Structures are given as structure tokens and as C-alpha cells.
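Student: I would like to go through the aromatic rings of a structure. Could we take them step by step?

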Protein chains: 2
Amino acid sequence: MECISCQTPKQDELICETAYWRVILAPNQSYLGRCFVTLKRHCGDLAELKQEEWLDFAEIIKRLESALKKSFKATMFNWTCLMNNAYQVDPPNPHVHWHFRPRYNHKVEFAGAIFEDPEFGHHYDRARTQEVSDRVKKKIIEKIKENFKREI
Amino acid sequence: MECISCQTPKQDELICETAYWRVILAPNQSYLGRCFVTLKRHCGDLAELKQEEWLDFAEIIKRLESALKKSFKATMFNWTCLMNNAYQVDPPNPHVHWHFRPRYNHKVEFAGAIFEDPEFGHHYDRARTQEVSDRVKKKIIEKIKENFKREI
């Protein structure tokens, strides 16, 4: 079975690429700046990550959280590694990736769009979605990239 | 504000303690073997974790996932670091901890209790709870501990 996480990402969705990980903006911006952090090699279990992959991931957390604070004053962050969907097919073909959701105790207006976090202080709501136009998506990525780079 | 994660855990809930982390069985066993993996020092953000804490955590993932496979044939695992509740008070006082949910593509009978995962292949359901008796809890902990130790 083909692994979509192994495909080269569209360059216009890419926020950054390190030695072992790719950071990509999620289409659903229900939490402004929501990203996927995907391992560049095909590996289906966190238990199989190498030390250098963990340490590189730790650096991404630092830089990405800092970039989101600078870009949109994000309050705190939710990190999850689930991979449930990969088990809907037999045989499953999981690929390690993290869901990164910045959380906000305030409303954010950016590039003419409004982003809210009505569940702040509580578990994220998967049912709430917010698609953004290509123009807004591009501006979100530019903003995060700008602040992500400064952290190097 | 007092931090409950900084308190010494009840010894009968403890699965293991490493240099930097504690693994504790969660009261809600809706996913058999559900645990909290809590940093031993008070620190509120993953971005502030030290390299040695990350590498110790990586070892826990390996040993805990392996122990759950051996104990109950767990199929795969969900890892989340959220800390949302800490932001319901002002000032917030978060303490880094992970939620570990083993997921199962099959029913498990253990110590006279039945555990199912009707959401397998999908996001975990926080509304579904399963309390267990002290006797069953003790047996779950013993079983995981036994297989966790073998992984050292």
C-alpha cells in the first residue's frame, strides 16, 4: 500500500525540513498554525525512532512553539501521535507523524480571517473545522517560517 | 498553586520510575493499560525538556509498548501531551505529562474483567470510561511491571 506521508510534500505547504522531519501546515486551521510534523523515513512506531531523530524532534518543538508564540501569541500547545487511521486497512501501514495544535486564550485576526479557540482549557474539538483560502494559507506559512528561521 | 503531579505517587499505582519519569496506571482503564508518564521535575512545557529527559522518555516508549504487547497483545498506541486543564486556572501551572493509550483490534479478558476498544482505527473516545476494582487494578499493574522489567 502506498504511503502518502512518504510522498514529497507540496512546496507551498512546507514550513520547514530538518535532517529527519518535515513540518507541514494542516489544511484544517481550526487551531491557527496547526501543523503535521512527519518523519522523513518510513517508520510506523515511535518505539523505533533513533536517538538523533528524537533530539531533532525536540529542537523542532522548541522552534515551532517559539515561532507560534511570536507569530500569533499562541498560549500553549497540544502534541499528539496517534496513527489510528492507518489501522483501518489490512495490513496497516503507519508512518510516524505528530499533530501540533497551538491553543489560544484569545481571538486572533490575521490576514483578514478570524481564528478562535472556544475550547481553550479543554480537549481539542475534532468536529470543528476551519478551511482557509490559499491566500490566507500562504500568509500563515510565511509568518511561521519567518519566525521559525530566526530560532536557528 | 499546588501541583498534584509533583506529589509522590501512591506506590500501588506506580508501574515504574526512571531517572526522569514516572509511569502510573490511570484510574480510567477504558483502554486497557492506559497510563500517565509524568516528568519527575516541575516543568510546564515540552520545549523546556532536556536532551537526557527526551532520551529517557524514548526508552520508556520502547519498554512500555513492548510490555503492553506482551501483557495484553496491544495492537498499537496513542501518545498525547496536552495539559489543557492546567489553563483553566490563572495563573496556569502546567506539569509535563503524557497520556498513553494502548489500542486493541480485539477484545481482552483479564482477571475476570472484559476490555474492548470499539473505536479501534479511530480517535480515542474520552466519554467512554471503565473503572476497575482494586483487585483488577493490582493485577494489571503486576502484569505490566513484570514485562516492563524484562525489557531493561
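The questions below concern aromatic pairs and charges over rings in this predicted model.

Student: How many aromatic pairs are there over all chains?
Tutor: A pair of aromatic rings is described by the distance of the centres and the angle of the planes. A search of the whole structure, over all chains, gives 22 aromatic pairs.

Student: What kind of pair do A:Trp54 and A:Phe57 form?
Tutor: The ring centres of A:Trp54 and A:Phe57 are 6.1 Å apart, and their planes stand at 70°. Planes over 60 degrees apart count as edge-to-face. The pair of A:Trp54 and A:Phe57 is therefore edge-to-face.

Student: Is A:Trp54 buried or exposed?
Tutor: Buried means under 20% relative accessible area. A:Trp54 has a relative accessible area of 1%, so A:Trp54 is buried.

Student: What kind of pair do B:Trp54 and B:Phe57 form?
Tutor: In chain B, both residues lie in helix H1 (residues 51–72), three residues apart, about one turn of the helix. The ring centres of B:Trp54 and B:Phe57 are 6.1 Å apart and the planes are at 65°. With that angle, the pair is edge-to-face.

Student: Is B:Phe57 buried or exposed?
Tutor: The cut-off for buried is under 20% relative accessible area. B:Phe57 has 1% relative accessibility, so B:Phe57 counts as buried.

Student: Which residue lies over the face of A:Tyr124?
Tutor: The charge of an Arg is placed at its CZ, which must be within 6 Å of the ring centre. At 3.6 Å from the ring centre of A:Tyr124, the residue over the face is A:Arg101.

Note on methods: Residues numbered from 1 in each chain as written. Chains lettered and ligands numbered in written order. Predicted model: local features only at pLDDT ≥ 70, side-chain atom pairs only at ≥ 80, totals over all residues. Heavy atoms only, no water. Phe/Tyr/Trp six-rings, centres within 6.5 Å; stacked < 30°, edge-to-face > 60°. Buried < 20%, exposed > 50% of the residue type's maximum accessible area, 1.4 Å probe, protein only. Helix = DSSP H or I, 4+ residues; strand = E, 2+ residues; numbered from the N terminus. Lys NZ or Arg CZ within 6 Å of the ring centre and 35° of its normal.
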